[in-house]
Structure formats: C-alpha cells, structure tokens
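Here is a short tour of a protein structure for someone new to reading them. Have a look at the sequence and the 3D view first, then read on.

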Number of protein chains: 2
Amino acid sequence: MKKALAFDIGGTKIYSSIIDESGKLLTEPEKFATPKNIDGIKDLLKKQIQSHEDEIDIVAIATAGAVNNENTAVIGSTGNLTEGYYTIDFQKLSTKPVFLENDANSAAWAEYKIGASKGSNVSVMLTLGTGVGGGIIINDKILKGKSGAAGEMHFKMYPDKRRKCSCGSWDCYEAYASGTGLKHTAEELLNDKNITTYDIISGLQSGDEKCTKVFNKWQDDVTAGIIGLANIFDPDCVVLSGSMAQFVNSKKIETEVNAEIVTTPTSVRIATAGNYSGMIGVALLALAEV
Amino acid sequence: MKKALAFDIGGTKIYSSIIDESGKLLTEPEKFATPKNIDGIKDLLKKQIQSHEDEIDIVAIATAGAVNNENTAVIGSTGNLTEGYYTIDFQKLSTKPVFLENDANSAAWAEYKIGASKGSNVSVMLTLGTGVGGGIIINDKILKGKSGAAGEMHFKMYPDKRRKCSCGSWDCYEAYASGTGLKHTAEELLNDKNITTYDIISGLQSGDEKCTKVFNKWQDDVTAGIIGLANIFDPDCVVLSGSMAQFVNSKKIETEVNAEIVTTPTSVRIATAGNYSGMIGVALLALAEV
C-alpha cells in the first residue's frame with residue numbers, strides 16, 4: 001500500500017505523520033511549534049522529509065491559506081503564518097512529489113472519505129476553531145474556484161459594519177461563528193472586555209445562565225450561516241468540525257435549519273475523522289495522484 | 001441543425017419560441033398569460049407543442065421553481081404558480097422528449113454559452129427581478145445540489161428577524177436585493193408605505209436625492225451579498241440579470257467587492273444574453289441531450 005508523509009501546517013503548530021491509502025496513521029504524529037520565519041519552516045520540513053523519504057511515495061501538506069488549483073503552492077498571504085510563507089517552493093524540499101491542499105479542504109476530504117460525510121454527493125464542512133474554515137465537496141471534487149481560494153466563510157452577517165473581521169473586512173461569518181466570535185459576542189452581551197472563550201465554555205458546562213445565553217446567541221449565529229449555505233448548496237449534509245464543534249447542539253441546529261430552508265432537508269453532523277483529519281485528507285488526496 | 005420548442009413559464013407570463021443549437025430564436029416569441037390552474041397550463045403547453053411537434057427534436061422548459069436532477073419535474077411548491085403545479089407530468093404533454101430546468105439556472109447557462117460569462121470556469125449569476133434568482137456554473141455544470149434546488153439566494157442579511165422574506169423565513173438576500181426589496185428599503189428609509197419600486201427608479205433617473213439615497217442603500221445590500229458569494233465560490237465573474245440589473249452600477253459594485261474579498265479579484269458584469277435567456281439556456285441544455 002502506498003504511503004504519504006503528511007504535514008498539517010498551522011499558525012502555531014506543525015504536525016507530521018506517515019499515512020497510508022486507507023487513511024491509517026502508521027506513525028505517532030509528531031508535533032512542532034511553527035517556526036517564526038520562512039527558513040525555519042523550510043528547515044523543519046526538510047529534516048522531516050529527509051528522515052522518511054525512503055519509506056514514502058509522496059509528501060502531502062495540509063496548510064493554512066489558499067492553495068492553487070495545481071496543488072503546488074500557497075497563494076497570497078495567510079494572516080497566521082510568517083510573512084512571505086507563500087513564496088516557499090515546497091517541491092524543492094523533496095525528491096518525491098509534493099502535494100498541497102488547504103487545511104479545511106483537506107479535513108473536509110477526510111470526512112468525505114472516511115468520516116461524517118462519507119457517501120454524500122454534496123457536503124459543506126465548517127471548521128469552527130479560532131477562525132472558521134470551509135471545505136465544500138461537490139460530486140467527488142473539492143470546490144476550488146478560479147484560483148483555489150473558494151470555500152472562504154467570509155459572507156456577511158450584517159451589511160452595516162459592526163464587528164471587524166480578521167480578514168480586514170466587516171461582519172464576516174468567521175467573526176461571529178468562530179471561537180474568537182464567541183469571545184466578542186460575550187464582550188458585547190456581558191459588557192466585559194476581559195472575558196475569554198474559555199470562560200464562556202466553562203460557564204456553559206457548569207450551567208451558568210449568562211454564559212449559556214451568550215453561547216446560545218453564538219450558536220444562533222452559527223445556525224443563521226448554515227441556513228444560507230444550505231439554500232445555496234442544497235447539500236446532503238453539513239459537517240461541523242474544529243475545537244468549538246464539540247460544544248454545539250447539532251440536532252437543534254439541524255431542526256432550525258430545516259425549518260427555514262427552501263430546499264429539501266439536510267443533515268447537520270459533528271465531524272468524526274478526528275484531530276488529524278487535515279493530514280489524513282491531504283494524504284488521501286495526494287496518494288490518489290501517485 | 002437540431003431545434004427545441006422552448007418555453008419560459010413564470011408566475012404571470014409564459015413565453016414560447018423555437019430555438020436552434022446555436023441559441024438562435026427561429027420564431028418570434030409568443031407570449032401568454034399564465035393560466036390560473038393546472039389544466040389551463042397543461043392545455044396551453046399541449047396546444048403549442050402539437051402545432052410544432054413535427055418541426056422540433058425536443059421540448060425545453062425553463063420554469064419557476066426547483067427542477068429535479070433528472071430534469072423531468074418541478075419539485076415542491078413555487079409561490080408564484082398555481083398550487084399543485086409540481087404535480088404536472090410534463091413528458092405526457094409531448095411525444096418528443098421533454099427537458100426541464102429552473103429559469104434562473106437556464107438563464108445562467110445562456111450567459112455561459114453565448115453571453116456575459118462565456119468561457120468562465122466558475123460563474124455566479126444573480127437575477128435581480130421581483131425576486132432574486134441564482135444560477136451557479138462550476139466547470140461546465142450547473143450547481144444543482146442533492147435535490148436540484150441549489151442556487152437559492154436565501155442567505156441572511158441580518159440574523160435577527162427584521163424583514164420577512166417571501167420564502168417564509170426572515171432577512172434573506174432576496175428580501176433586500178430584489179425589486180420588492182427596493183420597495184421595502186424605500187418604505188423604511190422614507191417612512192412611506194405607498195411608495196413603489198417604480199417611484200424610486202423614476203426618482204433615481206431624474207436625480208431625486210431621496211430616491212438616489214434609497215437606491216444606493218439597496219445597491220449596497222446587493223454588493224454585500226456578492227462579497228459573500230465571491231468569497232464562497234471564488235468565481236471568474238458574477239453576472240447580474242433581471243429587470244433591476246439595468247439600473248445598477250456594475251463597475252462600482254465590482255470595485256467594492258474586490259476591495260473586500262479575501263480571494264483574487266472577480267469581475268461583475270451585466271447579462272448580455274437578452275430577455276429570452278431563460279428559453280435560450282434551456283434549449284441549449286436540452287439540445288445537448290438529443
């Protein structure tokens with residue numbers, strides 16, 4: 001069975017593991033702090049690749065940022081990674097083929113192949129983490145758009161400039177449906193600048209009334225966005241992943257979505273492909289190419 | 001060259017013409033008032049089909065409402081057409097094959113084949129009329145979704161219930177970016193329940209300050225929705241069609257969209273396939289099947 005050396009490159013951590021064509025992790029994932037400069041990232045990847053190059057058929061990299069339609073390079077800047085990250089020529093780091101895909105798209109592919117959206121012709125995956133990622137799969141293909149950047153969950157929750165988004169624009173879904181969005185909703189509703197996402201989640205879990213109210217407002221915003229996406233894509237299912245997904249009531253969201261959409265009912269599910277779905281997804285995509 | 005007898009079935013009017021594989025109208029389009037009951041609609045179609053059946057290869061019907069993925073039937077109810085419209089067995093009306101597609105999808109296909117989005121791998125078409133229609137084309141295929149109902153422009157402009165939408169839900173893009181939406185924006189900004197869409201457009205054209213302000217607010221809402229769609233689909237272009245499209249400043253919208261999106265720039269264009277784009281699009285789709 002063919003094998004990929006998979007990476008998941010994020011703003012704070014880089015993970016690495018060897019993964020086979022069934023999506024199985026053959027090595028315990030290694031975890032590194034993301035270096036603060038381009039050379040540091042290149043050196044880290046190079047070292048990992050060199051020590052495993054003989055065992056693998058392809059290098060598969062799930063990364064923050066948009067990846068071009070040729071799966072060879074990151075396009076444009078990614079707020080969370082060092083400036084100029086997109087200039088890295090990843091193929092130069094290995095004698096084996098190197099394949100890149102955006103991390104949310106990769107995770108969506110893992111859900112589609114071995115997880116919650118398996119068998120779905122049309123699925124929308126939302127990663128509810130520090131930000132919000134999107135991965136849309138239509139008829140066995142990731143929706144990439146003209147340049148590879150499709151699936152960005154920066155549609156507006158309000159048209160009239162209330163909350164700044166990390167992308168530089170205003171009131172994007174990401175600014176409301178993310179963990180950061182939960183903090184901002186808490187700040188606004190509780191009039192407390194110092195409250196954290198963690199405070200709200202702890203309060204929710206211990207049954208605190210104020211925290212529950214804040215969380216429910218946040219979940220209503222998550223739901224409002226899913227209603228729009230369900231009307232636009234008419235998907236078989238919407239999969240919720242990321243650190244915040246474990247706290248949502250997916251059945252409640254599903255009921256509310258299906259009560260409002262004009263299309264036939266959809267299914268709202270929590271992701272099942274696990275914490276390493278980014279690496280698994282990109283490995284499966286890459287291994288289909290060799 | 002093969003020919004289709006094309007229909008465009010809307011809530012108030014039905015159009016009909018014979019169209020060839022190049023998208024050329026071979027007969028002057030006929031126009032009928034849409035009958036108020038199912039039998040009336042069936043009789044009208046049957047009579048038209050019988051008088052042209054010998055000259056054509058297929059019957060091609062662009063219709064209000066979602067059309068299934070087999071292109072054989074309307075699914076669910078369509079607010080603008082008589083109750084039970086979706087129960088019509090269109091194939092029974094002709095001895096030639098009958099092919100159906102949603103009217104906005106059909107118009108988007110015409111733009112893609114002979115109009116404003118020709119050559120675009122990824123395009124989003126918005127029909128700004130009494131309502132808002134959507135037709136999304138990705139890699140030579142109309143985005144249909146699991147049941148055929150994708151492309152519905154019912155994503156939310158506000159999450160907190162301000163303006164009722166024709167779909168029964170609240171604050172959908174359609175409720176703001178349509179001609180009806182312009183009337184409601186005018187009602188709100190001018191505090192005048194009796195003002196019409198026509199009043200605002202007339203005022204805009206004669207340079208009236210209040211009407212211009214209302215129209216600009218409406219156009220800002222149109223723009224806000226396009227920003228979201230451009231981030232989701234990363235399209236080569238966004239095409240604006242329908243009766244309201246002639247009044248918008250597409251260059252201004254394009255500039256504002258490109259200033260806000262996280263993907264590479266897109267192009268915002270006015271439709272060019274003409275008033276009969278629905279019939280042309282469905283004819284081209286149908287003729288590719290025979």
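Asn102(B) caps the N-terminal end of H2(B), with a side-chain oxygen sitting 2.9 Å from the backbone nitrogen of Ala104(B). Keep in mind that this is a predicted model.

Now follow the helix itself. H2(B) runs over residues 103–114, and at 1.5 Å a residue its 12 residues should span 16 Å. The C-alpha atoms at its ends are 16 Å apart, so the length agrees with what you'd expect.

Is H2(B) enclosed by the rest of the structure, or open to the outside? Nine of its 12 residues are buried, so H2(B) is largely enclosed. Among the buried ones are Ala104(B), Asn105(B), Trp109(B) and Tyr112(B).

What does H2(B) pack on? To see that, look at the sheet in chain B. It is an open sheet of five strands in the order S10-S9-S8-S11-S12, with mixed pairing. The edge strands, S10 (141–142) and S12 (267–270) of chain B, each pair on one side only. S8 (residues 122–128) and S9 (residues 132–138) of chain B pair in the antiparallel sense over seven bridges. Within that pair, Val122(B) stands opposite Ile138(B) in S9(B). Two helices pack on this sheet, as the table shows.

| Helix | Strands touched (chain B) | Angle between directions |
|---|---|---|
| H2(B) | S8, S9, S10 and S11 | about 50 degrees with S9(B) |
| H7(B) | S11 and S12 | about 160 degrees with S12(B) |

Next, go to the loop between S10 and H3 (173–177) of chain B, where you'll find Ser147(B). Its relative accessibility is 13%, and because buried means under 20%, Ser147(B) counts as buried. Which side chains of chain A does the Ser147(B) side chain make polar contacts with? One is that of Asp234(A), at 2.7 Å, and another is that of Thr264(A), at 3.0 Å. Leaving aside residues up to four places away in sequence, Ser147(B) also touches Val67(B), Asn68(B), Asn69(B) and Ile75(B).

Finally, hop over to chain A and find H8(A), residues 277–287. Here 11 of the 11 residues are buried, so this helix is largely enclosed by the rest of the structure. The buried residues include Ser277(A), Met279(A), Val282(A) and Leu287(A). What do they pack against? Their partners in chain A are the strands S1 (3–9), S2 (13–20), S4 (58–63), S7 (98–102) and S10 (141–142), along with helix H2 (103–114).

Conventions:
Residues are numbered from 1 along each chain as its sequence is written. Chains are lettered from A and ligands numbered from 1 in the order in which they are written. This is a predicted model: local features need pLDDT of at least 70, side-chain atom pairs count only at pLDDT 80 or more; totals for chains, interfaces and linings use all residues. Side-chain values use heavy atoms; hydrogens and water are left out. Helices (H or I, at least four residues) and strands (E, at least two) are DSSP runs, numbered from the N terminus. The expected span of a helix is 1.5 Å times one less than its number of residues. Buried means under 20% relative accessible area, exposed over 50%, partly exposed in between (1.4 Å probe, protein chains only). A polar contact is a pair of N or O atoms within 3.5 Å; within protein, one must be able to donate a hydrogen and the other to accept it, and residues adjacent in sequence count only if both atoms are side-chain atoms. Two strands pair if DSSP finds at least two bridges between them. Contact means heavy atoms within 4.5 Å. Axes are lines fitted to C-alpha atoms, for helices over the stretch in contact, and angles run from 0 to 180 degrees between N-to-C directions.
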